[in-house]
Amino acid sequence: MNAFISMTSSHETALNPTTLTHAKWAFTTRRVAREAALGLCRDLTAAKAGDLVLGRVERIGSHTRLQLASGRPSELYAGDLVVVSCGARYAPDQFEGLAELSVSGSDLLAGGGVLGRMRSRNGKMAAPTRIRPIGLLTGADGGPINLAQYAIPERPRPAIPVIGAIGASMNSGKTTAVASLVHGLVRAGHRVAAIKATGTGAFGDYNAYVDAGAHHVADFVDAGMVSTYLEPIARISKATDALLAGAATEGCDIAVVELADGVLQKETAALIADRAYRARFSGFLLAVPDALAAAGGVANLAKIGIRPLALTGLITQSPMATTEAEAATGYDMASREKLRDPAFATVLFSRARFGTINANAEVI
């Protein structure tokens with residue numbers, strides 16, 4: 001019998017009070033009250049996205065460290081106890097995985113603490129770190145503890161300017177662009193919210209926003225989701241409204257919102273194609289890695305009535321690629337240095353504040 005648990009039924013176990021003090025709690029669990037975890041459900045067949053999982057590291061793979069709830073990375077060792085969240089992931093540069101668990105072992109899909117079943121991986125990636133689930137953490141009602149139970153309340157969206165950041169692909173420079181613009185707006189005297197509306201739970205983007213000086217930082221985990229992959233569009237939309245309402249409550253006069261992956265990713269494509277969802281935004285930045293992506297991205301967005309406020313991203317690190325993209329699209333590229341300039345950030349703020357898109361989210 002494991003020293004940390006004791007049997008109570010065929011599917012339920014009671015936690016030894018010291019069990020969870022030995023575990024490493026992942027960043028995705030940061031909102032959960034640890035004292036609420038009273039037991040374990042060993043039946044994993046009904047596990048769903050957002051359920052908290054107590055597991056033991058079996059084999060170290062691609063993720064050698066776990067991002068902790070405290071905001072720092074922790075080296076992983078075989079035998080470590082961890083508390084992570086069951087979830088899916090969409091990451092063309094890393095893994096695609098589903099929110100499914102197995103008693104024989106599951107895959108650490110993201111360093112922020114997302115556990116599921118890998119469905120595919122990029123050829124450059126090593127096999128995922130394997131964690132054997134011990135059980136789902138349960139609360140006073142005997143049911144699994146889920147991130148949704150700790151979500152911020154749903155609220156109608158406020159009337160503040162919102163600049164969105166979308167990309168041609170994963171790793172196109174969106175987060176750097178958001179952090180740079182946030183910094184420029186803060187330097188210009190604004191109270192800025194930085195929000196990650198879609199993606200997979202991790203602290204990289206979150207910490208980048210904090211470091212840039214944002215007055216308020218939040219992401220979809222705060223809205224009760226470990227990942228937005230395969231989540232209903234209606235749920236993501238309501239979560240965005242709640243996150244923006246939180247920004248307004250904190251006194252922010254503008255929000256910069258990042259949408260994960262690229263404009264062709266399933267949820268991102270559905271969101272930006274939805275007029276009602278686009279109506280939340282005063283304008284968009286488009287981050288691209290190269291000139292062809294810039295031309296293709298601008299053309300793709302034009303089909304749904306979006307003309308970006310500016311183009312930015314990894315491309316701006318290459319003068320030659322920048323020149324190609326400017327010739328192909330007619331846009332000037334906004335480098336990270338330009339976005340950090342309070343004068344340029346103010347120009348973008350003015351465009352957003354006075355309306356770059358109308359109520360039907362079409363360019364005017």
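**Close-up views of a predicted model**

**View 1. Packing of helix H6 against helix H7.** In this predicted model, helix H6 (residues 291–302) packs against helix H7 (residues 319–329) at an angle of about 25 degrees, and the axes of the two helices lie 8 Å apart. Because angles under 35 degrees count as roughly parallel, H6 is described as roughly parallel to H7. The crossing in which H6 passes H7 is right-handed. On the H6 side the contact is made by Ala 291, Ala 294, Ala 295 and Val 298, which meet Ala 321, Glu 324, Ala 325, Ala 328 and Thr 329 of H7. By class, the residues of this contact of H6 with H7 comprise 7 nonpolar, 1 polar and 1 charged.

**View 2. Packing of helix H1 against helix H2.** Helix H1 (residues 174–187) and helix H2 (residues 203–212) are packed with their axes 8 Å apart and at an angle of about 20 degrees, which makes H1 roughly parallel to H2. H1 passes H2 in a crossing that is right-handed. From H1, the residues Thr 175, Val 178, Ala 179, Val 182 and His 183 meet Asp 205, Ala 208, Tyr 209 and Ala 212 of H2, and the residues of this contact divide into 6 nonpolar, 2 polar and 1 charged.

**View 3. Two loop residues with positive phi.** Most residues other than glycine have a negative phi. Leu 230, in the loop between strand S16 (216–219) and helix H3 (233–249), has a positive phi, near 70 degrees. With a relative accessible area of 41%, Leu 230 is partly exposed. Asp 261 also has a positive phi, in this case near 60 degrees, and is found in the loop between strand S17 (254–258) and helix H4 (266–273). Asp 261 counts as buried because its relative accessibility is 11%, and buried means under 20%.

**View 4. The protein chain as the setting for the close-ups.** The protein chain contains 9 helices and 19 strands; its radius of gyration is 21 Å, close to the 21 Å given by the globule rule for 364 residues, so the chain is as compact as a globular protein of that length. The C-alpha trace spans about 65 × 45 × 35 Å along its principal axes, and 55% of the 364 residues count as buried. Among contacts between residues at least 6 apart in sequence, 74% join residues at least 24 apart.

Key. Residues numbered from 1 in each chain as written. Predicted model: local features only at pLDDT ≥ 70, side-chain atom pairs only at ≥ 80, totals over all residues. Heavy atoms only, no water. Axes fitted to C-alpha atoms, helices over the stretch in contact; angles between N-to-C directions. Helix = DSSP H or I, 4+ residues; strand = E, 2+ residues; numbered from the N terminus. Parallel < 35°, antiparallel > 145°, perpendicular 65-115°, else oblique. Left-handed = near helix turned anticlockwise from the far one by under 90°. Contact = heavy atoms within 4.5 Å. Nonpolar A, V, L, I, M, F, W, Y, C, P; charged D, E, K, R; others polar. Rg over C-alpha atoms; globule rule 2.2 N^0.38 Å. Buried < 20%, exposed > 50% of the residue type's maximum accessible area, 1.4 Å probe, protein only.
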